[in-house]
Amino acid sequence: MSERQRHGASIGQPLTRRDGPDKVTGAARYSADFKPEGLVHAVMAVSAIARGRVTHLDVAAAEAHPGVIAVMTPGNAPKLAKSPDLKDNPFAFRLDLLQNDGVRYANQPIAVVIGQTLEAATEGAALLAPRYEAEPVSVALGAGEVFTPETIGAGSPTSEGSGDVAAGMAAAEARIEASYDTAAQYHNALEPHSSVAQWDGDRLTLHTPTQALWIAKGRLAGLFGIPPENIHVICHYLGGGFGSKGFIAAPQILGIMAAKFVGRPVKLVTRREQMFGPVGHRAATRQTLKLGATRDGTLTALDHHTLTLTSRHDDFVEPSGILSRHLYAAGAISTTHAVSRADIGTPIFMRAPGEASGSVAVESALDELALELDLDPLEIRLRNYAEVEPITHRPFSSKALRECYAQGATRFGWASRPRQPRQMRDADGLLVGWGLGTATYPAGMMQGEARATIRADGTALIETAAQDMGQGAWTVLAQIGADGLGLPVDRVDLRIGDSNLPNGGLAGGSTGTATSGTAVHNATQAAIAELAALAVADRASPLYGAGNAGVTAADGRLARRDDPARSESFSEILSRVGKACVEAKGQGQGDPASRKTYAMHAHGAVYAEVKVDPDLGQIRVTRLVGAFAAGRIVNPHLVRSQYYGGMIWGVSLALHEHAVLDPRSGRVMNGNLAEYHIPVNADVPSMEAILVEEHDPHVNPLGIKGVGELGITGTAGAIANAVWHATGIRVRDIPITLDKLLG
Amino acid sequence: MSFPITLTVNGTARSLVLEDARVTLLDLLRERLDLTGAKKGCDRGQCGACTILVDGVRVNSCLALAVSHDGASITTIEGLAGTNPAGGDALHPVQAAFVEHDGFQCGFCTPGQILSAVGLIQEGQTGGDPERVREGMSGNLCRCGAYAGITEAVLAAHAAMTAPDVLPGRQLAEDAA
């Protein structure tokens, strides 16, 4: 059966974004673009120390500045119904909301100035001239007590393994042991965290960027002591999140408090340099890899130990070792994590948390082992191909990784790669290197709900509080809805990005389309069943007596399954019974039984070419080919963009991003977009993403895996390996910068 | 102290009295003229999200004080469709190319990218060379990583706008004049 027959006309089509016209004309309004009547401006003052307390703020100077309305400090800020330090669920991260004068990290909010104009509030904040009682700080990885965390990432076990690693290492004929450092990274979505908040008694209307509207609503309800239904969060357009907007952050809540404080609508926008602290980051890691193998490259042992850091006041542990539990079939596996505390803002999920930092270490180590064994990097990966999930021995729900390796290799021309480094140069004398990395990311699902409404005019409405942060929900959820209802996509309206809609879960963890898409699909099937029930019970309908299961929906009509010529339009069915519409809800969540039986992951293979100046050490990625398998592809046009974006994040991890903390003050020394490097257009090479076909009957009814994070994994390791291949120098301190090649 | 200035914004003459000399062009557009298409990503000229055309030239509006641009002609993303050489309300060729080639994801940097692309094409320095387009567009950061689509879109728009039956950038140049 072809895709089209099975799922109708929309899924699988490379439609351009339905939100495209709004985004290219400026009509798309982001949170900070809203301006309720009477809006005033709030600006945060943030701490210049990383530990201690604020002893003085020159509030009088700020208040005396023309246009300043009020100054909100720990002395007068609204008290909250619940302590922002109360951890009543694992994802309630502690927040600094002016409830005391303590300072726990640099750039922590310490006051908010509200002004008639942005200029007045900005000047007022500068006039506060804070004085501090500073305590000594520690921001280095592994400084102080190192301990084993209870859990890592989103509650995963801190250690997991199988077999006897020591015996596996002893039995090995080749071994490597190496440590790889990855740098602290900050999400830096182009849209800063912001709030436009308006109170009406104990009801709040809030424009704020969030990846999870209902989670935000729940947290705010607790902090302000009001029912969740009193809170209306609106975010139709979200200017990037990458994990930093999964949970509402302190600056966003301070805007809401400021609105309460002055009794007027308030806009607070975080300044770029203020985003290096209170809105999360990916912590630095030091990962020690011990690999042992027989002469033919079969892994006898894989030991992956991660040391990372978290804040002094809260726990989030970058789960770098998790991918070693799923990826390569080693005879024995150990994955462990340790953590130390530092005077930094609490780290948080950042695009491919754990997998991104872990992948660059594992892929580098595997190539170091391949060198010991004189094996081709592709050969050693195929030799250790996991036919079942290594530790659990569960079968994969689907896994087309072998096809990814093959198709990528062919397209890239991998077969002609010389085994030894420094063998290739281009016409200008630059060293050329080729590298490979395996991409992997779990095909998770959260919980979500959607509502489908079929209207008498032959159109339909799909509603869910899902979020589009660029991945394409505005388009693909309409495609899924259209096919579920048997309607052309242009007759399906979609409403998302509003907390008054059914809970849409979280746009994160590469779960958005799988979760919301499943909810939308199930809602459409339920709505069609409602419609069918009307028709088959109606003697005037050509479908009378067909039974609910005896009809199918296509082209805006229900038809008898056994006689498609007998059919009736949605409009006719509803009009005859005098109904304006039928509506139904559907749930999206993973099937617990399937998820127990099968391991569910998306995979890919990324091939990279770099060129390195032999005299200057300058590195440029010149070619990237990724081949990815992630189940059913709802929209290849937009999925390709997700892969490209992920691969660029891989370039960024491998070569660019590095937050530098001053060990004495604990301050971020490069907290701006000129000095904290992310790739610009000229850093990005010609790219290709091959969509490898993969059918997954187990992951969810539509067979959808996530694609948002897959591309960053694999890519960074491929680049690190390509740099080695170009130069013969193995850099184990990521990002790889030219100084590390010249040293 | 107040500062009277006159600007032509998207073809319409605007006489304004600023009460504050610190107002940037970006904050003037966003906070006082309700033209929120230009975005504030860094407020110090590092990200390019605030790019607009001032007298036909691309400018980081967060670094431009409004009072120092008295008399200038400004094009923002909201007014770009009106400058379409084909006339009417149709999308400008650069806007259409960004949709067609998926030159964005979240869309936050997009107004700046598009105006930067319009400016770049008018500068006439790149021809159809992708490397020069990438270089010329490197003042506009995109964190989602839509650069491949952006480059394709700029090349496609460049080709469309410099085709023999279209006068390159003429309408914009006239607006600026």
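Modeller: The largest nonpolar core has 296 residues, and V113(A), I114(A), A258(A), F628(A), I719(A) and V723(A) touch the most other members. Such a core is a set of buried Ala, Val, Leu, Ile, Met, Phe, Trp, Tyr and Cys residues joined through C-beta atoms within 7 Å; buried means that 20 or more other C-beta atoms, placed from the backbone, lie within 10 Å of a residue's own. This is a predicted model, in which local features need pLDDT of at least 70 and side-chain atom pairs count only at pLDDT 80 or more, while totals for chains, interfaces and linings use all residues. Residues are numbered from 1 along each chain as its sequence is written, and chains are lettered from A and ligands numbered from 1 in the order in which they are written.

Leaving aside residues up to four places away in sequence, V723(A) touches G433(A), V610(A), V612(A), I619(A), V731(A) and I736(A). Contact here requires C-beta atoms, placed from the backbone, within 7 Å.

Chain A is divided into domain 1 (3-27 + 445-589), domain 2 (34-136 + 193-269) and domain 3 (281-444 + 595-741), with bounds from an automatic or database domain assignment. The C-alpha centres of domain 1 and domain 3 of chain A are separated by 37 Å. Between these two domains of chain A, 23 residues of domain 1 are in contact with 21 residues of domain 3. On the side of domain 1 that touches domain 3, α11 (473-485) and α12 (512-536) of chain A each supply at least two residues, and α12(A) gives the largest share, five residues. Helices are DSSP runs of H or I, at least four residues, and strands are runs of E, at least two, numbered from the N terminus. By class, this side of domain 1 of chain A has seven nonpolar, 15 polar and one charged residue; Ala, Val, Leu, Ile, Met, Phe, Trp, Tyr, Cys and Pro count as nonpolar, Asp, Glu, Lys and Arg as charged, and the others, Gly among them, as polar.

Chain A also contains an open antiparallel sheet of three strands in the order β4-β2-β6. β4 (102-103) and β6 (131-134) of chain A are at the edges, each with a single partner strand, so one side of each lacks a neighbour in the sheet. Strands pair if DSSP finds at least two bridges between them; β2 (residues 52-56) and β6 of chain A pair over four bridges. In this sheet, R53(A) stands opposite E133(A) in β6(A).

Note on methods
Buried ≥ 20, exposed ≤ 12 C-beta atoms within 10 Å, placed from the backbone.
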